[in-house]
Structure formats: C-alpha cells, structure tokens
Amino acid sequence: MEWDVIVIGAGPAGCFTAKLIALSGFKVLILEEHQEIGYPVQCAGLISPRAMELAGVDKNTVLNNLTGLRVYSPLDALFNVESSNDLALAIDRVKFDQELATKAENAGAVLMKGVKVDGTTRIAGGFRLTVAGRSKTISTKLLIGADGANSSVSKWLRLSRPNLRAVMYAVDAQMQCADTSSISVFLGQNLAPGWFGWMIPLDEKTCRVGTGYALVKPAYSPQHYFQELVDQNPQIFKDLKIIRYTSGIVPLGKMPRIYSANAMLVGDAACQTKPISGGGIYMSLRGALVCSQTAVEALREDNLSEVKISSYQKLWEKEMEEERASAMKLRESFLNFSDEDIDLVIRFLNKPKYHKLILKYGDIDYPSYLGKKLLNLVLRKNSLIKATLKISGKFRE
Ligand SMILES: Cc1cc2nc3c(=O)[nH]c(=O)nc-3n(C[C@H](O)[C@H](O)[C@H](O)COP(=O)(O)OP(=O)(O)OC[C@H]3O[C@@H](n4cnc5c(N)ncnc54)[C@H](O)[C@@H]3O)c2cc1C
C-alpha cells in the first residue's frame, strides 16, 4: 500500500484526525477537493472556549468573545442573561481550518489540495481511490471519510445515514449591533420551523445572521425563513446590508455504523453533531480523538479488520451517546411546543433566579443537562404551561 491512511476532506475533522495519526509516525495523506482550505465557508463560527482549547488553534482566530444570551420568543418576549465569563467565541472559520491543516502538515501528514476523490474500491488489505480528472489511482490501508455532511465515503461504504438534517441559510452582514457581546436566538414556526434563527455580533458594525429548518417536509425554502426573520424583527435588522451569504446542512441523528473493515467516518460524515444547535466543530474534534486512537492502535497491531475497527464506534458512543440521545429527546419535546408555549416558557424563565441557574449549568457543548433541568422546572412550577401542554395532549406525566 502507498499510504497507511488516506483522509478524504480537510475540514476540522479530517485535519485533526490526520494530525493525531501522523504524530504516531504513520504515513498520512489528506485529499481536499477545494484549492483553498476553509472555503467555501458554511458555518456561523460559534464554538465554546473548550473547543478552542481542544483544537489548540491560535487565539487570533477569535473575532469576538460572547458573554450574553438573548432569546426572542415568537410573541415578543425577550429572555436576556449576561455572564462574567465567555459563553462562546465567534471565530474566523477560514483561519481556524487553515491552522488545523498546517498543524496536520507539521505533524507529518501530506496535504493535497484541489483533489476530488470520486470513487473507492475495496482491495486486499485496504482501498484503491480514484481521483477526478486523473488516471492514476492511490491505495491505502485505512480510509477515513471526513468529507462532511454530504459524505460520499459513507455512500461508497453503504453506511446508512439518518434523514433528519438542519437546512440553513446564513449571511455575513453589516449593521449597527446594539449589543456586541450577546448571541441572539430567535424562535418561531414562521422563521425557523424545528430550528432557530441566530445573530452573532462580531463588532459594532458586523454580524452573522442565519436561520433554517429541521423538518423532513418544510413548507418553504431556508431563504424564505431568513427573510421572515429579518422582516419580523425590523428593530434589529432595519439597516442590515448583506456582505455575503452561505447555506448548508448539518446531519442530525445517529448513524447505526460509522466504520467498516479498513475504513472509518469522522465529523459530519459520521453525524457527529449536536441535535439541538447543529454545532459540529467540537463534536468533530472529539470524534477525531477517538477515531485516531482506534486507527493508531489498529495500525500498530496491523489489524484493520471490522472487529478491531468496531471499537471506534464503541468508544465514541461511550463518550457521546448519552448526551446525543438526551439532546435529541429534548429537541423532540421542544418540537411539541407551539409558539404560544415557547412564549410562556421564555416569560417564565426570565427571572433572576433562573438566570443564575442557566449560567451555572449552561454549556453549549453539553446542553442536555441544563435542558432537562429547565424542562422539569417549567413543568413542575408552571401549572399554566403544564395545563396547556396537557390539554393539547403534548405532555403526559
Ligand atoms: C450554516 C451553518 C452554520 C454552522 N454553524 C456552526 C457553528 O456556529 N458552530 C459549529 O460548531 N458548527 C457549525 N456548523 C457545523 C459545522 O460547520 C460542521 O459541523 C463542521 O464543518 C464539520 O466539520 P467536518 O470536518 O466534519 O466537515 P467539513 O468542514 O464540511 O469538511 C469536509 C471537507 O471535505 C471535503 N470533501 C468533501 N468531499 C470530498 C471529496 N470527494 N474529495 C475531496 N475532498 C472532499 C470538503 O471540501 C470539505 O473541505 C454550521 C453548519 C452550517 C451549514
């Protein structure tokens, strides 16, 4: 075999996995279809300080430190908290990805840009890859699909993917940002069915705005919901000037299998995403840790059999499945809420004692702990919400 490992895709998942395997001395090749790492940007660039630390990327990729959260209900209520710590960081996603790629190269991985893999064939002891526009094939002992939300590798390996996905439309924009330290979240069936809208300020004059849906059959396109978000909040978006736009999807749910003999998936390709927010950067990095750990062990033992590689899935699920499953259940409870229910909940929680609780337990990487606490609290303490949910058959004790 020419390579010990070929990683398809130079996003965070691919570069971080490649770096960790190359550090153990194996021959790693990363193939990226685009000429420039990080482009096109399909991300709002919001991560936790924990994710930043895990990536080991320079702090100069941080564009803004966000300490506050504003949640706008569909019926005009506003929930507003401010922390003394960073709740999240807005990053320059291009620089972030480029730095991860450089770190992978510095660790010994070879990165080839502008190379689109268009097919794989299983051969004895590994895979043979074909590349668009080139007649020469490349072979590897271990194939890692880090090729994102529309993963071709998962299709070639016949690994089934869940149907549910968040479909989003987002822009970088110029506008007067009244509050430069708070993330704004917008809820409502008309502007984000099954999902949420967001506004992330970068400074007084620039921000990222987006929305989308996460339903199997939405009524409209994500652009339509974006326009609704802007139109329904004229006081916030009155002077919005779009600099550039992007769109994209995040797969949500669990893949029954994220491996095969001599092959593994990581990052969005493996559905390693958060069901509530769609955030995938932290999950990709965590996925990369586990993926590379299994890969290194298997390569050292020269055993890339299905049984050996299956320990990747076991390790991943041990780390993240409880959180993912709880977050998915919370998401499903939230989907049962009407706009009126959401409005009631937001008004109920907008009190200093609950602000404290939210700041104490809130964690964008692990939202299910706080989510469960809040749901129980709302249902226990607010008989009106409980009665409304019960009458409409959305809640059973
Ligand atoms: C609108 C939007 C906003 C988002 N906002 C956030 C956010 O604020 N915070 C957050 O944590 N997450 C966010 N996400 C999710 C996040 O962007 C992804 O989870 C993350 O990029 C996953 O990283 P990855 O390395 O798995 O995949 P990607 O970053 O998608 O990288 C995959 C790479 O594979 C390459 N590739 C694909 N096929 C081939 C092929 N055949 N040959 C060669 N190369 C190939 C692609 O060009 C790409 O570079 C957002 C997503 C969207 C769509």
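Which element gives the most to the shell around the ligand? Strand E16 does, with three residues. This is a predicted model, where local features need pLDDT of at least 70, side-chain atom pairs count only at pLDDT 80 or more, and totals for chains, interfaces and linings use all residues. Residues are numbered from 1 along each chain as its sequence is written, and side-chain values use heavy atoms, with hydrogens and water left out.

**The shell around the ligand**
- Among the 33 residues around the ligand, Glu 32, Ala 44, Leu 46, Arg 93 and Asp 268 come nearest; a residue is near if one of its heavy atoms lies within 4 Å.
- By type, the shell holds 15 nonpolar, twelve polar and six charged residues; Asp, Glu, Lys and Arg count as charged, Ala, Val, Leu, Ile, Met, Phe, Trp, Tyr, Cys and Pro as nonpolar, and the others, Gly among them, as polar.

- The side chain of Arg 93 places an N or O atom 2.9 Å from an oxygen atom of the ligand.
- For Gln 42, a backbone N or O atom lies 3.5 Å from a ligand oxygen atom.
- For Ile 281, a backbone N or O atom lies 3.0 Å from an oxygen atom of the ligand.
- The protein buries 89% of the 1000 Å² that the ligand exposes when taken alone (Shrake-Rupley method, 1.4 Å probe).

**A look at Asp 341**
- Asp 341 sits in helix H9, residues 339-349 (a helix is a DSSP run of H or I, at least four residues).
- Asp 341 is buried, at 2% relative accessible area (buried means under 20%, with a 1.4 Å probe and protein chains only).
- A polar atom of the Asp 341 side chain lies 2.9 Å from the backbone nitrogen of Ser 338.

Technical notes
Helices (H or I, at least four residues) and strands (E, at least two) are DSSP runs, numbered from the N terminus. Buried means under 20% relative accessible area, exposed over 50%, partly exposed in between (1.4 Å probe, protein chains only). A polar contact is a pair of N or O atoms within 3.5 Å; within protein, one must be able to donate a hydrogen and the other to accept it, and residues adjacent in sequence count only if both atoms are side-chain atoms.
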